[in-house]
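Me: Please take a close look at one part of this structure for me: the charged side-chain pairs. Then carry on to the ligand site.

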Amino acid sequence: MHTTLVINPKGGSGKTTVTLNLASYFAAASVPTAVMDYDPQGSSLNWIRLRPQHAPRIHAANAARPKGGQLRSLAMHVPPETHRLIIDAPAGATGTVLQEMLDRAHCLVVPVPPSAIDLHATANFIRDVLRSGRTRERALPVAIVANKVRRSMPRYQPLEWFLETLQLQLTARLVDSDVFVKAAEAGIGIFEMDPTIAIAEQRQFLPLAEWVEGLDRSRQRREGNVVELPRSASA
Ligand SMILES: Nc1ncnc2c1ncn2[C@@H]1O[C@H](COP(=O)(O)OP(=O)(O)OP(=O)(O)O)[C@@H](O)[C@H]1O
Ligand SMILES: [Mg+2]
């Protein structure tokens with residue numbers, strides 16, 4: 001199982017939007033997929049409940065701390081046949097919850113909106129948490145996704161500064177678009193929408209989905225789970 005943690009300490013940056021679109025992309029490609037929601041708001045789990053009957057199945061795991069006597073270990077169970085797990089982090093996660101999510105992750109996706117204040121907070125988060133201690137030793141790959149990019153302002157100076165300072169590259173740029181909102185409301189992802197409506201958003205999102213796929217493939221190759229065909233056989 002390959003696990004992607006979608007995280008940003010700032011609320012409303014696009015964590016749930018990225019989570020559900022990644023999950024539906026993989027599920028639509030017949031990859032056994034699960035979403036683990038750490039957010040007590042349960043937005044990802046609500047979206048899974050909204051999914052149309054015919055839509056590819058996505059397993060829902062609830063990792064938020066239970067209020068009553070429910071067993072967390074049962075609610076957060078992920079079927080062993082799952083190939084891709086996407087974790088939706090809550091805003092402002094710290095301490096043991098943050099560490100638990102980081103320990104599970106093979107890679108991180110950080111959506112950032114075009115706001116200087118949010119970029120500052122995100123830069124501090126990446127510096128302080130992701131590049132220290134246990135996480136640094138594991139050298140987790142990080143993808144930055146510019147989210148809610150205004151069409152009138154495709155380049156945003158504070159974002160360029162952010163990427164330069166942290167020596168990170170931008171993996172995807174998602175415009176501020178009603179298509180993301182409508183998909184979320186219907187329990188589907190943009191890749192499950194008619195391309196005549198969602199082609200621009202699909203094109204913007206694809207580099208992120210391919211980044212996760214590429215990491216998973218190289219990990220499987222390292223672990224010997226992928227058989228490389230000899231040149232003559234694949235030609
Ligand atoms: N690219 C986008 N274009 C338009 N609306 C977007 C886009 N990305 C996210 N939104 C909307 O912005 C709001 C916040 O997004 P989302 O819920 O994904 O953020 P979040 O980081 O998960 O928030 P929280 O920290 O509260 O969990 C939602 O209403 C969502 O539909
Ligand atoms: Mg959310």
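Reply: Start with Asp118. This is a predicted model, and in it Asp118 is buried, at a relative accessible area of 14%. The cut-off for buried is under 20%. Its partner is Lys10, and the two side chains form a salt bridge with an N to O distance of 3.7 Å. Lys10 is partly exposed, at 27%.

The next bridge joins Glu192 and Arg51, with 2.7 Å from N to O. Glu192 belongs to the loop between helix H8 (178–186) and helix H9 (195–222). Arg51 belongs to the loop between helix H2 (43–50) and strand S3 (58–62). The pair therefore ties together parts that are 141 residues apart in sequence. Arg51 counts as buried, with 11% relative accessibility. Glu192 is partly exposed, with 23%.

Glu100 and Arg72 make another salt bridge, their closest N and O atoms being 2.8 Å apart. Here both partners are helical: Glu100 is in helix H4 (residues 95–104) and Arg72 in helix H3 (residues 72–75), so the bridge ties together parts 28 residues apart in sequence. Arg72 is buried at 16% relative accessibility. Glu100 is partly exposed at 22%. The count for the model comes to 4 salt bridges.

Now the ligand site. Ligand 1 sits in the largest pocket. Its shell holds 17 residues, and the closest are Lys15, Thr16, Thr17, Asn147 and Ser177. Which elements build that shell? H1, strand S6 (142–149) and H8 each give at least two residues. H1 supplies the largest share, 3 residues.

Several contacts reach oxygen atoms of the ligand. A polar backbone atom of Thr16 is 2.9 Å from an oxygen of ligand 1. For Gly12, a backbone N or O atom lies 3.0 Å from a ligand oxygen. Asp39 uses its side chain instead: a polar atom there is 3.3 Å from an oxygen of ligand 1. Taken alone, ligand 1 exposes 630 Å², and the protein buries 78% of that.

Notes. Residues numbered from 1 in each chain as written. Chains lettered and ligands numbered in written order. Predicted model: local features only at pLDDT ≥ 70, side-chain atom pairs only at ≥ 80, totals over all residues. Heavy atoms only, no water. Buried < 20%, exposed > 50% of the residue type's maximum accessible area, 1.4 Å probe, protein only. Helix = DSSP H or I, 4+ residues; strand = E, 2+ residues; numbered from the N terminus. Near = heavy atom within 4 Å. Polar contact = N/O pair within 3.5 Å; in protein donor to acceptor, adjacent residues only side chain to side chain. Areas by Shrake-Rupley, 256 points an atom, 1.4 Å probe, with all protein chains shown as cover. 1 Å grid on protein atoms, 1.4 Å probe; cavity = no way out; pocket = protein on both sides within 12 Å on 5 of 7 lines; lining within 4 Å. Sits in = over half its atoms within 2 Å of the grid points.
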